[in-house]
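Subject: Structure handover

Hello,

Here is the structure you are taking over. Please open it alongside this email.

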Amino acid sequence: MKIYNNEIFSNETEGKRYRVLWIDNDYKFTFLIDVEDEHALPIFMKVDGIIEDLVDGELIKVHSNTNLVVGDESISKSSLEKRDKAWNMIKDAVVLEPDIYISDYRGKIIKEIVKKYRVSNDTIYKYLRRYWQAGKSTNGLIPRYMKSGGRGKKKNPKRKMGRPSKFKELQSNVVVDEDMKKTFRIALQKYYFNEKKNSLPFTYKMMIRRFFAQNSYYENDQFIIEVKEKSELPSMDQLRYFLKTEYSDAQKKKSREGQTKFDKSYRELMGSSTFESFGPGSRFQIDATIADVYLVSEYNPDWIIGRPVFYNVIDVFSRLIVGIYVGLEGPSWLGAMMALANTVDNKVDFCKKYDIDITNDEWPSEHLPQLLLADRGEFEGYNAERLVNIFNLHVENAAPFRADWKGIVEKYFDIIQTTAKPFLPGYVEKDFNERGAKDYRLDAKLTIKDFTKVIIREVIYHNNNNYLKNYPRDLEMINDEVEPIPISLWNWGIKNRSGSLIYHTPDTVKLHLLPQKNVSITKKGIRFNGKMHYSCETAIKESWFSKARIKGSWGVKVAYDPRDMTQIYLLKNNSSSYEECYLLEHQEERYKNKSLVDIDYLLEMEEYMAKKNEHPQLESEINLVNKIEDIIKPAAGRTEKQQNHSLSKTQKVKSISDNRAYEKEFNRKREKFVFAKQIPSKTVTESENNSNEINYNRKSIKEILQKSNKEVDYND
């Protein structure tokens, strides 16, 4: 049994939960912290002792969401600033592992921080504790306003905010309301956020010149501007405060330095030598390629859906493939996200979805790394910040025109595809699109699920059997006679160079990486993409659908996995927790276990079929009208001719009940079952002839029934 960084252990007897903060390279010592104690400090433990407690059942590994942290999209700008302020105070201290966990060393480190930033010891201890308890996530430093009133509401000041000036007669009385904020934004955009790098005082002067002039004129051919009184002008401090609170440091840098220079500086910072590939999890590489095979839809094998995107995540140290994604997303953030989420999946459960049985020893990876080397497009900007703030996962983007930086992962695309090539129907050869060449698209036979099965088999082979002839083993590996096979290198690294792998539950990763979407609560269910409907326990308990029928629909946010739309996830408590929503029963057959790609394709095909059928249906409806008229017109003419027009309206309507009773009796005789073998054909013919002779001057039903009663022989 192994333990990993960031894992949670529960002591059910004490009712406490502990998070793993650090494990030494020799896999002998570790530090833990109580994740719920507001006064917790790191605890020193021996790895063997923890493993013994796990085996004995005194400790239990917790594979569920614990202390989830919210994503940046759910955080106010002021909270982000406070987070960044706290992070700047402790960021140089938290990397001093293991010294920061040891009481004597920690005291000296904190003393320097207190002296530098002029804050209290308690403040620094609070920041460190929150950072550690949240799994070394910087978002754990976000102020905890969950129980405070008015959370998320913007202030609407009626008077000037801030400390009063010593010189009241000279101070500004301007209130920074929405109109003033709009003026500030325009001025900053025009004069400050550009590559000229104008100073803020210059921006302030230009703003006053443009927006706060009360008079202008020429004097001696010189254009003169008179500005408003000082009390009517916003102050320089107000503009400075607005800039500080409304714009992040990253936004300011990008706007003034340019995107290219910002990316370059950011990449160099993230590419620190701290993240060398010392052991498993030190560095993963991720990349995507368009697979050389055409696929068909799971719904209809006649629908060719094109070539899939294949994402591959590989551990640089061991060459073990730790995550994959096969689908139609990308290359994009969505596709990369799916592959990254797969790195933390339990691979036994993952393979079982594709009807492949493996043991945990065959594919043991279910962790995030310390550093991820990725392509520029998918992981630039917000996505990189998201991974750092939530998972403490640093991203190193490959430089432009330097694909060789990701040579390891790209090499294995060719290996995997070449092995499967002879067996893949629809495989694209090099002569594709050449004149006279075969159209390989017509050979497509596999679905996305089929092709994923092939890739899984290839991965399992690679991880467990692929001998890496050119792997640069070091002296320690040579002495231990480690075979250069990915699984052997991985297992040796876990034993001898552990500490880099970071454990997060798949639910945690999915919650923060899966795409999110605003959906509607309607009377028919939780509506997704206009056609799909879901329900959940909360919706049933709180009668959401009845309320929607009475008061109208409203919106909620969900996360979803495009690979399998059997369920979606209702985000609750500011995206810090979730609830599973399931397809309604009448839609399960259509959408269960289907990807969003296949569902969208199905809906598009159905829409196309409906449009295609509109014209034939219109023709049929017109011809139906003609056929109905062919029945009605002669029938109406016949009845008109046979009716007694001397009868008054009153006479026609007063006997409806009697007429109905007579007609019912007449229809019963005509509709009764007649068995041909017992009745001569002559009798049937006479009956049919008699039924056609209708006497419209008939006796009343009362007279007919009286006559029938007289003919009854009661002696029979």
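Below are the findings, grouped by region.

**Ground rules**

This is a predicted model, in which local features need pLDDT of at least 70 and side-chain atom pairs count only at pLDDT 80 or more, while totals for chains, interfaces and linings use all residues. Residues are numbered from 1 along each chain as its sequence is written, and side-chain values use heavy atoms, with hydrogens and water left out.

Helices (H or I, at least four residues) and strands (E, at least two) are DSSP runs, numbered from the N terminus. Two strands pair if DSSP finds at least two bridges between them. Buried means under 20% relative accessible area, exposed over 50%, and partly exposed in between (1.4 Å probe, protein chains only). Contact means heavy atoms within 4.5 Å.

**The five-stranded sheet**

Start with the open sheet of five strands. Its order is E4-E3-E2-E1-E5, and the pairing is antiparallel. Strands E4 (43–46) and E5 (60–61) are the edges, each pairing on one side only. Strands of a sheet pair through backbone hydrogen bonds, either parallel or antiparallel. Strand E1 (residues 8–11) and strand E2 (residues 16–23) are joined by four bridges. In this pair, Asn11 stands opposite Lys16 of E2.

Tyr27 sits in the loop between E2 and strand E3 (29–34). Its phi is positive, about 60°, although Tyr27 is not a glycine. Most residues other than glycine have a negative phi, and most peptide bonds are trans. Tyr27 has 9% relative accessibility, so it counts as buried.

**A cis peptide bond**

Glu97 and Pro98 are joined by a cis peptide bond, with omega about 5°. Pro98 is in the loop between helix H2 (77–94) and helix H3 (103–117).

**Helix H6**

Helix H6 covers residues 200–211. The expected span of a helix is 1.5 Å times one less than its number of residues. For the 12 residues of H6 that gives 16 Å, and the end C-alpha atoms are 16 Å apart, which agrees.

Which residues of H6 are buried? They are Leu200, Thr203, Tyr204, Met207 and Ile208. These residues cover an arc of only 135° around the axis, which puts them on the same side of H6. The arc is that of the directions from the helix axis to the C-beta atoms. The buried residues pack against helix H5 (178–192), strand E6 (213–219), strand E7 (222–227) and helix H7 (236–246).

At the start of H6, a side-chain oxygen of Ser199 comes within 3.2 Å of the backbone nitrogen of Phe202.

**Thr343**

Thr343 lies in helix H10 (residues 333–343). Is it buried or exposed? Thr343 counts as buried, at 0% relative accessibility. Leaving aside neighbours within four places in sequence, Thr343 is in contact with Val313, Val322, Gly323, Ser365, Glu366, His367 and Leu368.

Ser520 lies in strand E15 (residues 516–522). At 22% relative accessibility, Ser520 counts as partly exposed. Not counting residues up to four places away in sequence, Ser520 touches Gly525, Ile526, Arg527, Trp554 and Gly555. Ser520 and Ala548 are 28 residues apart in sequence, and their C-alpha atoms are 9.6 Å apart.

Next comes a hairpin. Strands E16 and E17 form it, with three residues between them. E16 (residues 525–528) runs antiparallel to E17, and three bridges join the two. Phe528 stands opposite Met532 in E17. In the turn, Asn529 has a positive phi of about 60°. Asn529 is partly exposed, at 33% relative accessibility.

Strand E17 (residues 532–535) is covered on both faces. Met532 and Tyr534 are buried on one side, and His533 and Ser535 are buried on the other. Two bridges also join E17 to strand E20 (residues 577–583), and this pair is antiparallel. There, Tyr534 has Leu583 as its bridge partner.

**Cysteines**

How many disulfides are there? A search of the whole structure finds zero. A disulfide is a pair of cysteine sulfur atoms within 2.5 Å. The closest cysteine sulfur to that of Cys581 is in Cys536, 4.0 Å away, which is too far for a bond. Cys581 is buried, at 0% relative accessibility. Cys351 is buried, at 0% relative accessibility.

Best wishes

Terms used:
Polar contact = N/O pair within 3.5 Å; in protein donor to acceptor, adjacent residues only side chain to side chain.
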